[in-house]
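Dear colleague,

I am handing over the structure below, and I would be grateful if you could look through it alongside these notes. My findings follow it, with the cut-offs given where each term comes up.

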Amino acid sequence: MPSPTAFKHKLVTPSDPHLDLRVLSQFLVVADTLNMTMAARRMGVSTPAVSQIVLRLENQLGTLLFERNPHGLRLTPAGQFLRERVRRVIEWETATVEDLA
C-alpha cells in the first residue's frame, strides 16, 4: 500500500488532523457499497447528506476519496488506503469496547 503522501488529486491542505469515528464509519459504508443512495438507506439518512459527509471528509483530508461517474462510485488510491485504515480502526475500537466490558 502506498504511503499517504503518494496520493495525487490533492485538493487542499488537511484542515483538521482529528478524524471523527462516526464519520469514518459512514465513509466505510459508502466505500463498501460504492453507491450514495444505497449507503444513505443503510445509514438512515438522505442521499444529499451522504454526499455532504463524503465532501466534508475529502476537504478535511485534502484529497479525493471517490471517483464519481454515472454508474456510481469508485475508490481512488487514497480512498482504498483510507478504507483499509478505517477497517482496522473500527476493529480496534470494537475489540477495545468488548475487552473492557
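F66 touches F27, V30, A31, L34, V54, E58, L73, R74, L75 and T76, leaving aside residues up to four places away in sequence, where contact stands for heavy atoms within 4.5 Å. Please bear in mind that this is a predicted model, in which local features need pLDDT of at least 70 and side-chain atom pairs count only at pLDDT 80 or more, while totals for chains, interfaces and linings use all residues. Residues are numbered from 1 along each chain as its sequence is written, and side-chain values use heavy atoms, with hydrogens and water left out.

A search of the whole structure finds 1 aromatic pair. The rings of F27 and F66 have their centres 5.7 Å apart and their planes at 50 degrees, so the pair is tilted; rings of Phe, Tyr and Trp (its six-membered ring) pair if their centres lie within 6.5 Å, and planes under 30 degrees apart count as stacked, over 60 as edge-to-face and the rest as tilted. This pair links distant parts of the chain, 39 residues apart, with F27 in helix α1 (residues 21-33) and F66 in strand β1 (residues 66-69). Helices (H or I, at least four residues) and strands (E, at least two) are DSSP runs, numbered from the N terminus. Both F27 and F66 are buried, a word used for under 20% relative accessible area, with exposed over 50% and partly exposed in between (1.4 Å probe, protein chains only).

The largest nonpolar core has 21 residues, of which F27, V30, L65, F66, L82 and V86 touch the most other members; such a core is a set of buried Ala, Val, Leu, Ile, Met, Phe, Trp, Tyr and Cys residues joined through side-chain atoms within 4.5 Å. At least two residues of this core come from each of α1, α2 (36-43), α3 (47-61), β2 (72-75) and α4 (77-100), and α1 supplies the largest share, 6 residues.

As for A49, this residue lies in helix α3 and is partly exposed, with a relative accessible area of 28%. A49 and M36 are 13 residues apart in sequence and 9.3 Å apart in space, C-alpha to C-alpha.

With kind regards
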